[in-house]
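Hi,

Here is the structure I promised to pass on. Have a look at it first, and my notes follow below.

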Amino acid sequence: MSAITVRDLRKQFRYAKSGRGLRNLIAPQYTNIDALGGISFTIAPGERVALIGPNGAGKSTTLKILTGILLPSGGNATVLGLTPWQDRMALARRIGVVFGQRPQLWSELPVRQSFALLRRIYAQDAAPFATRLDALSERFDLAPLMAQPVNRLSLGQRMRCEVVASLLHKPDVLFLDEPTIGLDITAKTTIRDLINAQAQSDGLTVVLTSHDTRDIELVCERVIVVNAGRIVVDQATETLRRRFLARKLVTLRSAAPAITLDLPGVSARPAEPHIAMLDVDTRIARIDSVVAAALSLGGIEDITIEDPPMEEVIHEIYAAASAR
Amino acid sequence: MKPTPLWPWLRGTCAMARVGVAATLSARTVLLGRALFYLLVMTVLTRFWTTVAHETSAAGITLPAGILAYVAITEWIALSVPAIHLRLEDDIRFGAVEAHLLRPIPYLLGQIGQTIGAMLVRLALLSPGLGVVLLTGESMLPPITAWLSIIALAVLGGTVHILLIALAGLSAFWVRRTVAAYLVMQKAIFLLGGLFIPVTFYPDWLARFARGSPFAASLYWPAIVVLQPDQSTVVMAFLAVFAWIVALSLLCAAIWHAGLHRLLTQGI
């Protein structure tokens, strides 16, 4: 049985147009906005899926419908066999949700007390809860934070606490809406590693929305790209990279201050002295030929061959979707 | 219709009440300030009534001792009620209510539970001030036998007060800024609830109307037991507050559901 099933999900928002005059006050005119135009997908138990797209694509709308805090205009969806908007409270016991931009802990209370209150709200037995809290606290390094009020924590510390809070009741599905937004690189890496480790140890199904492509690369094995309320791509992360970019990035470090390589299918990116960054279109130029040509120049001290960043993959997908 | 999980909801609401207790206790400076303000208000009112009360009784109430005992109770309750409307307004306006909807207890029940927890702390911490006013001032001291009823009615009357202010807070689904609704509600509570004088002093027609209103259930009925601790008044007071707790709870639930439907359909 799938963890999440979505069939032809649609959502239309209706807004009153702003206007002047008594006529507008008595009989306002409305405009409809299609946030979701009929999306369908299935997520298996234990899968980690990124839901990405440009601003206004429908990612957060999809997440809100799946967690039961927004009613769809059409279609249907089930999460763990439950219809989210009909069984919101029953579903709440089985899912964890982290909003990167909306804190869920009680800001004036110490972290430990917030967790204790969550135990009662989720009706968890004391002993197994304490064991789980100890394990999560150790994994997420929360011991130094437990006695502090949440509003005294840094953003990175607070996010670690928020993620732990969402996991304390042993959910089967974890929804994360921009969990690393506003965090520095170190904090982002920490959160990603911890989510990954916990998801693997608990067999969690993870659905994550993010604008940070490293979140996608390092946490999720599958990517669903949403644009203008429709799914444009639904593939494994690695397949996505290989399919959309027949390119490699070759970085050369040399003794000479500049390297010139004039080959079809090879273009140079701006780089520092002694470093050359080459974009290789593998449909035109073979990598071994490019490397051989570079080595024949002499003085090459280091060669790195890597895939282009996921950011470029996504950018290309958005561009292709907009062009349709 | 699906059966409601009452026991988990009750446990969750009690947990939220503990949130209210803990959060209120964490703001010690505010609590101290509130206790000092209570003493200040009662000092002013004591001076007022001892100065202006030339008669020894009015509307069956001894002056100034009876009035001061009465006002000591109404102020004790009024100053103990937290501003739930502000939290509702913030949560609804800025979308924090969405996070609360993802918990397995009803949002409004949790917020009212949290507010009652905070109110209990304030009632407890203001009670020494109440004792000082009743023992050392010009006011009369209610009989010992009435105190259990007075305390229970203060808690229940405070709950009515919370529900009335919650109605103002729920208007945030439609008007965003609840200050206007709150001010109207507050003035109605003060006037028709008899904050400064018992409604028995009002013209008959207004007194009857006020006594039957939810505003009197929040202040007048708990406080009048101080002056009239006879069984019929106590029973009437309990009936009035219980009836209005039920009626206002149903009204809050209905308005919440209407607002929630709007939220779930249109989002934040």
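Predicted model: local features only at pLDDT ≥ 70, side-chain atom pairs only at ≥ 80, totals over all residues.

In which sense do strand β10 (residues 247-254) of chain A and β13(A) pair, and over how many bridges? They run antiparallel to each other, with six bridges between them.

β13(A) covers residues 300-306, and of its seven residues the number buried is zero, so the strand lies largely in the open.

There's also an open sheet in chain A, built from three strands in the order β2-β1-β4 with antiparallel pairing. The edges are taken by β2 (30-43) and β4 (74-79) of chain A, each with a single partner strand, so one side of each has no neighbour in the sheet. From one strand to the next the twist averages 30°. Strand β1 (residues 4-16) of chain A pairs with β4(A) over five bridges, and V6(A) has A77(A) of β4(A) as its bridge partner.

Helix α3 (residues 65-78) of chain B packs against helix α7 (residues 147-170) of chain B at an angle of about 50°, their axes being 9 Å apart. The two helices are therefore oblique to each other, and the crossing of α3(B) and α7(B) is right-handed. On the α3(B) side the contact uses I73(B), W76(B) and I77(B), while α7(B) brings I150(B), A154(B), G157(B), G158(B) and H161(B). Sorted by class, that contact has five nonpolar residues, three polar ones and no charged ones.

Cheers

Terms used
Residues numbered from 1 in each chain as written. Chains lettered and ligands numbered in written order. Axes fitted to C-alpha atoms, helices over the stretch in contact; angles between N-to-C directions. Helix = DSSP H or I, 4+ residues; strand = E, 2+ residues; numbered from the N terminus. Parallel < 35°, antiparallel > 145°, perpendicular 65-115°, else oblique. Left-handed = near helix turned anticlockwise from the far one by under 90°. Contact = placed C-beta atoms within 7 Å. Nonpolar A, V, L, I, M, F, W, Y, C, P; charged D, E, K, R; others polar. Buried ≥ 20, exposed ≤ 12 C-beta atoms within 10 Å, placed from the backbone. Pairing = 2+ DSSP bridges.
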